[in-house]
Amino acid sequence: MALDPKFAGQVYSAEVSPKAIHTLELFLDYVCPYSAKMFLTLASSILPLLPEKYPGKLQLIFRQQIQPWHPSSTLTHEAGVAVLRLAPAKFYPFSRTLFERQKEFFDVNVVKETRNETYRRLARLAGEVGVDEKEVYGLLEIGEKAGEDGGLNGGNGVTDDVKVLVKVNRLTGVHVTPTVLFNGVVENSISSSFTGEQWKEWLEKNIK
């Protein structure tokens, strides 16, 4: 599936100008424990190997899959989109940090704070990986006054981008997280329980 250039930070490629022979698409939710398990295994064991092991053969796309039954899912993914907008190269470091600390954004840990308070915590998290905290919060903040047209439900600075990402994901029909597509087809053999060694075995078998 094609990727809009403005979301290019989602691609972790084995070379600067990827010739995408094979594509792994990971549909992940920031507040899904199984998504965290998969991403953190990849981040520690697989992503560092790609440039050396599979140059010109593989690219990986992080598809941000919002799971709306967790209200904070939308907020965390909005923060990811803000990072993409401001510093695409920081998207993967930000995602790793967020997955490592995802429990801080589980339902029980956000229920007593306002939406903007959650955004402030997410902006601070982005700041920890080198993204301008104030700029992130500026994109996420919901104003307390009506818009110039009197509108009260206009969203924030990343709403339009989030709509695009949701539309793209709906085209695939993906529901469960994590879900992995290999060259556009759901790859059911890949599990969130994969160890680094199992990932290496799968890649050796499938990336030629």
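Student: Is Tyr30 buried or exposed?
Tutor: Tyrosine 30 is buried, at a relative accessible area of 0%, where buried stands for under 20%, exposed for over 50% and partly exposed for what lies in between, with a 1.4 Å probe and protein chains only. This is a predicted model, in which local features need pLDDT of at least 70 and side-chain atom pairs count only at pLDDT 80 or more, while totals for chains, interfaces and linings use all residues. Residues are numbered from 1 along each chain as its sequence is written, and side-chain values use heavy atoms, with hydrogens and water left out.

Student: OK, how many aromatic pairs are there?
Tutor: The structure holds 14 aromatic pairs, counted when the ring centres of Phe, Tyr or Trp (its six-membered ring) lie within 6.5 Å, with planes under 30 degrees apart called stacked, over 60 edge-to-face and the rest tilted. One of them is the tilted pair of tyrosine 30 and phenylalanine 99, with 5.2 Å centre to centre and 50° between the planes.

Student: Which parts does that pair tie together?
Tutor: Tyrosine 30 lies in the loop between strand E2 (22-28) and helix H1 (33-45), and phenylalanine 99 lies in helix H4 (residues 91-100), so the pair joins parts 69 residues apart in sequence. Helices (H or I, at least four residues) and strands (E, at least two) are DSSP runs numbered from the N terminus.

Student: And Phe99, buried or exposed?
Tutor: Phenylalanine 99 is buried, with a relative accessible area of 2%. The rings of phenylalanine 62 and phenylalanine 99 are stacked, because their centres are 6.2 Å apart and their planes at 20°.
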